[in-house]
Amino acid sequence: MNSNNNHVVIMAGGVGSRFWPMSTTDFPKQFIDVLGCGKTLLQLTVERFRDVCGVENMWIVTSAAYAELVKGQLPDINPEHILLEPCRRNTAPCIAYVSWKIKAKNPKANIVVTPSDHIVMDLREFVRVVNSALKFTADSDAIVTLGMQATRPETGYGYIEGDLSMACPSNKEIYRVDAFKEKPDLETAKRYLQRKNYFWNAGIFIWNVSTIVNAFRVYQPTMSNIFEGLLPYYYTEVEQEKIDKLFPTCENISIDYAIMEKAEEIYVFPASFGWSDLGTWGSLHDNLHKDAHNNVCIGENIHLHESRNCIVHTTEEKKVVVQGLDGYIVAEKNDRLLICRLSEEQRIKEFAAE
């Protein structure tokens with residue numbers, strides 16, 4: 001496997017509305033130092049792939065509205081590799097666009113597609129798994145998805161049902177996928193957890209470029225015709241103009257519905273490297289260091305008294321004092337303050353919309 005053929009595609013167009021007020025439409029969570037570590041989630045994502053491919057083979061697909069944010073946070077990325085969507089169309093059109101563009105210059109490319117706003121705790125194991133999967137897809141027409149070992153009956157993730165009865169001959173850690181499952185209710189999630197062959201769908205995909213392009217041709221012919229038709233224009237000064245005109249005509253559909261649930265050669269690589277999609281304040285609380293009373297504080301000079309099971313995210317205040325709260329989110333950003341029960345956090349989207 002020639003590692004010069006390895007490419008990483010980072011999808012960075014999401015809005016992260018469940019993280020209001022820290023994350024807003026103008027400044028979503030992937031561009032924020034959510035963990036209080038001095039780096040944004042997008043920068044951390046790029047960093048964890050540095051042992052998979054060089055920065056010259058990294059691609060960011062984002063909304064045109066975030067072009068300057070991406071360039072400012074990732075000055076090393078080739079501006080030609082920052083692809084700008086004129087509107088939101090879910091993950092399938094975004095992946096189709098970048099796949100045809102990569103293929104135009106490197107028909108042997110081997111690609112990892114990843115969200116920009118997840119976290120990984122065990123970087124060494126993460127890199128091992130990704131490189132092992134890339135080796136597998138380099139010379140096969142397989143689509144590999146990373147399946148996270150479920151550690152709790154989680155209702156916030158989709159699941160992958162794997163057939164663990166027989167591993168692939170060329171890689172004993174990879175198995176066929178039997179089915180993709182929607183986010184379950186609690187009872188179903190408990191059943192999945194007991195079964196051992198159900199994994200969280202992390203939305204990280206690995207394939208070679210001809211495999212994914214062929215899958216689009218077979219299962220999404222209308223979409224594939226659009227990006228195939230743009231071949232004369234990639235890497236030219238009219239590319240953006242053509243994309244701005246044609247991208248909005250694409251169906252608004254996820255890669256899961258568009259390809260994954262239809263294609264034949266789909267595999268899962270069960271893995272465990274401390275992954276979280278950081279979708280909610282609760283998941284942030286779960287993944288960060290807690291004090292003796294199970295509180296998480298992000299920001300300077302935060303003082304908690306008689307409080308437990310809280311997450312306080314106040315990075316712009318000089319001093320914060322919280323007394324007597326149990327199980328609350330306290331979050332402040334740009335003169336907006338949220339105080340909300342952690343157990344009610346699914347309502348934050350509607351609060352933000354007000």
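Biologist: How many bridges join strand β6 to strand β10, and do the two run parallel or antiparallel?

Modeller: In this predicted model, strand β10 covers residues 266–271, and one of the pairs that can be picked out places G147 opposite P270 in β10. The link between β6 and β10 consists of six bridges, and the direction of the two strands is parallel.

Biologist: Which residue in β9 is the bridge partner of G147?

Modeller: Strand β9, residues 198–208, is joined to β6 by five bridges, and these two strands run antiparallel. Strand β6 itself, residues 143–149, is mostly covered, with six of its seven residues buried. Within β9, the residue that partners G147 is N201.

Biologist: Why is helix α1 said to be largely enclosed by the rest of the structure, and which elements do its buried residues pack against?

Modeller: Helix α1 spans residues 41–48, and because six of its eight residues are buried, the helix is largely enclosed by the rest of the structure. Those buried residues are L41, L42, L44, T45, V46 and R48. The elements that they pack against are β1, β2, α2, β4, β5 and α4.

Biologist: Helices α6 and α7 pack together, but how are they oriented to each other?

Modeller: Helix α6 (residues 209–219) and helix α7 (residues 221–229) have axes 6 Å apart and meet at an angle of about 130 degrees.

Biologist: How do the residues of the contact of α6 with α7 divide into nonpolar, polar and charged?

Modeller: On the α6 side the contact is made by F216, R217, V218 and Y219, while α7 contributes P221, M223, S224 and E228. Taken together, these residues divide into five nonpolar, one polar and two charged.

Biologist: Which strands stand at the edges of the open sheet of four strands?

Modeller: The order of this sheet is β12-β14-β16-β17, and its pairing is mixed. Two of its strands each have a single partner strand, so one side of each is left without a neighbour in the sheet, and these edge strands are β12 (296–298) and β17 (336–341).

Biologist: In β16, which residue is the bridge partner of T314?

Modeller: Strand β14, residues 311–314, and strand β16, residues 328–333, run parallel and are joined by four bridges. The partner of T314 in β16 is E332.

Methods:
Residues numbered from 1 in each chain as written. Predicted model: local features only at pLDDT ≥ 70, side-chain atom pairs only at ≥ 80, totals over all residues. Heavy atoms only, no water. Buried < 20%, exposed > 50% of the residue type's maximum accessible area, 1.4 Å probe, protein only. Contact = heavy atoms within 4.5 Å. Pairing = 2+ DSSP bridges. Axes fitted to C-alpha atoms, helices over the stretch in contact; angles between N-to-C directions. Nonpolar A, V, L, I, M, F, W, Y, C, P; charged D, E, K, R; others polar.
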